Amino acid sequence: MMNDKDLSSLRLNDTTLKKLNTLGIHNLWDLVLHMPLRYEDETHLTPIGIAPVGQPCFIEAEVIAQEVQFRPKKQLIVRVEDPSGALVLRFIHFYPSQQKQMAIGTRIRALGEIRHGFFGDEMVHPKVKTVQKEDALAQNLTPVYSTVKGLNQQTLRRIIGQALNQVSLDDTLSDAVLNKLNLPSFTDTIHLLHNPPAQFSAHQLNHAGLPAWQRLKFDELLAQQLSMQLAYKKRKNGTAHIMQGTGQYTAPLLDTIGFELTNAQKKVRHEITQDLAQQYPMHRLLQGDVGSGKTIIAALSALTAIESGFQVSLMAPTEILAEQHYNKFKKWLEPLNLKVAWLSGSLTKKAKQTVKEQIERNEIHIAIGTHALFQDDVLFPNLGLVIVDEQHRFGVAQRLALKNKGQFVHQLMLSATPIPRTLAMSFFADLDVSVIDELPPNRTPIKTKMVNEYRRSEIEAWVLKTCAQGQQAYWVCPLIEESETLQLQTAVQTHEYLSEVFAGLNVGLIHGKLKPAQKADIMEKFVKNEIQVLVATTVIEVGVDVPNASLMVIEHAERMGLSQLHQLRGRVGRGQAKSMCILIFHEPLSELAKARLKVIYEHTDGFEIARQDLHIRGPGEFLGAKQSGIPLFRFANLEDDLELLEQARDLAPKLIAKEPESVQKHLMRYLSHKQDYLGV
Ligand code: ADP
Ligand code: MG
């Protein structure tokens, strides 16, 4: 969106402009919406004699003594007095200029909190200015803004004031809407928060429930809803290839996979084929708990696209997972005489080049790989469908790249992590969602056990028993966030140790530092039961599918996140045999760790676990936005503002239908330079 409200009209110098940019301020609206972090009260003075302890207060007094003390540490001590009492101002860090400023006999005003110090009442690091006796007090509370070094509060306040004079604050919402939602007007909101009138206390203004803050939260959520709903509409009005499918490949695959689709799988398959047959691009998220059978649905969707004459690409977030898909798809598709290609960052340059050329010559039906598939120089002449596995694991930047790649292609995104409701309503509101809410039959539920590390020998006995019955086990090494080297070392040691303990078994080791070919080799041996116990770092967390493995041992489970534990546990319970997951914990356990382990012990339903996870970690983590540094909202908060979010969601379509100009104005105010990120 073009912006006619840039900062040039303010005639600021380059240094100031740069500082504003650092604060995320690029136009007049950003300034108008750069809201105070808090408010300071300099509207009235409190006599020292009656000033309360522990609350901010503003005093006026005369400096009667000043000294630099060196014990326990160099500090500046300034004694001040008013007719009602005396006070010490203490500065542990200070400049010579402050000594001059507070020379004996100077009249000062100081804002700070009084506390009882060893030598009497004192303020530590108060905000001080020198005054004349008759200097007027501030009429209003003083807003305090977030700022950067070299841009002081006064300057920033002045620039915001200028911006306020240059924009029109007319409302984007009608009086009727404001009345109904019980929200103040935009003009009142902005003026109140930047220039609070005298009757408001700092306590009132700092309170998130203040109607003015509610209005900003609502506006922000509304802007996001408008942008998502417009994106949704735009997509439905867009064009894509119509893919009817013929059954030429899907029918034989269904005949040979060896199982019948569950009703839930049939339902989502139907939803996807309906989408593919439309002339606008599908953006569908397929959700299903770990083990619910998303892969076969992805394969059938790919075949429908291929039957209709198009290429497919399938992207997974890790090499191991991509490779598993590659092997599975090869097994399913090559008997149908279809060409499956492998493309990942770890291929040699030459090998990559060969694959790229095959793709460009349209000789490949489906290309599978990591995000290397979406590099700019991979050109699919005939791409019709993009499938993204574990989509929420991709960062925002990668999702953007994908979005830009194909406006006309259909997209199917798979995720084992159910999106929490507030996120589904906000950041994922432009997607259609299908849910597989049923696991394939004959799965025995996974039994979860929590075992103290002291009982290691019992666990080893369980492993032996499991393998004696012809099944296999995973042994997951602890996560060591601080050091990858240490983590690797631990894995290597665990492998050595277990190889000795399980002398009659083949114990394998897999971790992130292995070459892709080595990883593939080990996974293949595990699939064929040539390896019975697989020692692994958390690389196996995502998507690995070996139905004969029925025991999962997780070391230092207390260090892992909830969804990670759920994903790991989901690696077993995929075959006919009774499965078990053993969580080894080390004492002492933090409260957070206890809370997490309790959730994973009590629940097997991924949706419930994700809900609890959101509660423990917050939504930013889920979106992967944290890494990318993109704040979700400036004012609103998805955990607290559900009601406002629902109201915004309901209002958005009405505005889009009836007041397109207000919609544009609203988006411009709140999202002028964020547009790109919101539809990701
Ligand atoms: P996820 O949804 O976690 O990706 P997968 O697609 O890997 O799950 O499926 C898990 C396992 O269940 C695989 O071994 C798969 O072949 C099997 N499976 C999938 N659908 C069915 C079904 N309808 N009946 C029996 N087994 C199935
Ligand atoms: Mg999967």
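**Ligand 1**

I started with Ser292: one of its backbone N or O atoms sits 3.4 Å from an oxygen atom of ligand 1. I count a polar contact as a pair of N or O atoms within 3.5 Å; within protein, one must be able to donate a hydrogen and the other to accept it, and residues adjacent in sequence count only if both atoms are side-chain atoms. Next I checked how much of the ligand is covered: taken alone ligand 1 exposes 560 Å², and the protein buries 87% of that. The areas come from the Shrake-Rupley method with a 1.4 Å probe; for residues, only the protein chains shown count as cover.

A note on what I'm looking at: this is a predicted model, where local features need pLDDT of at least 70, side-chain atom pairs count only at pLDDT 80 or more, and totals for chains, interfaces and linings use all residues. Residues are numbered from 1 along each chain as its sequence is written, chains are lettered from A and ligands numbered from 1 in the order in which they are written, and side-chain values use heavy atoms, with hydrogens and water left out.

Which residues have polar atoms 2.8 Å from a nitrogen atom of ligand 1? I found Glu260, through a polar backbone atom, and Gln265, through a polar side-chain atom.

I then listed the 18 residues around ligand 1; Gly291, Lys294, Thr295, Arg443 and Asp545 come nearest. Here a residue is near if one of its heavy atoms lies within 4 Å. Sorted by class, the shell has five nonpolar, six polar and seven charged residues. My classes: Ala, Val, Leu, Ile, Met, Phe, Trp, Tyr, Cys and Pro are nonpolar, Asp, Glu, Lys and Arg charged, and the others, Gly among them, polar.

**Domains**

The domain assignment gives domain 1 (8-39 + 144-207), domain 2 (45-136), domain 3 (250-436) and domain 4 (446-603); such bounds come from an automatic or database domain assignment. Why does ligand 1 lie between domain 3 and domain 4? Both give residues to its shell, so it lies between them. I also noted that the C-alpha centres of domain 1 and domain 2 lie 32 Å apart.

I looked up a six-strand open sheet, order 16-21-20-17-19-18, with parallel pairing. Strand 16 (447-452) and strand 18 (507-510) are at the edges with a single partner strand each, so one side of each has no neighbour in the sheet. Strands pair if DSSP finds at least two bridges between them; strands (E, at least two residues) and helices (H or I, at least four) are DSSP runs, numbered from the N terminus. Strand 17 (residues 472-476) and strand 19 (residues 533-536) run parallel, joined by four bridges, and Ala473 stands opposite Val533 in strand 19.

Another open sheet has seven strands in the order 11-12-10-13-14-9-15, again parallel. Its edges are strand 11 (340-343) and strand 15 (432-436), each with a single partner strand, so each has one side without a neighbour in the sheet. Four bridges link strand 13 (residues 383-388) to strand 14 (residues 410-415); Val388 has Met413 in strand 14 as its bridge partner.

Most residues other than glycine have a negative phi, and most peptide bonds are trans. I found a cis bond from Arg71 to Pro72, omega near 0°, with Pro72 in the loop between strand 2 (56-69) and strand 3 (75-82). Glu587 and Pro588 are also joined by a cis peptide bond, omega about -5°. Arg11, in the segment before helix 1 (14-22), has a positive phi near 50°.
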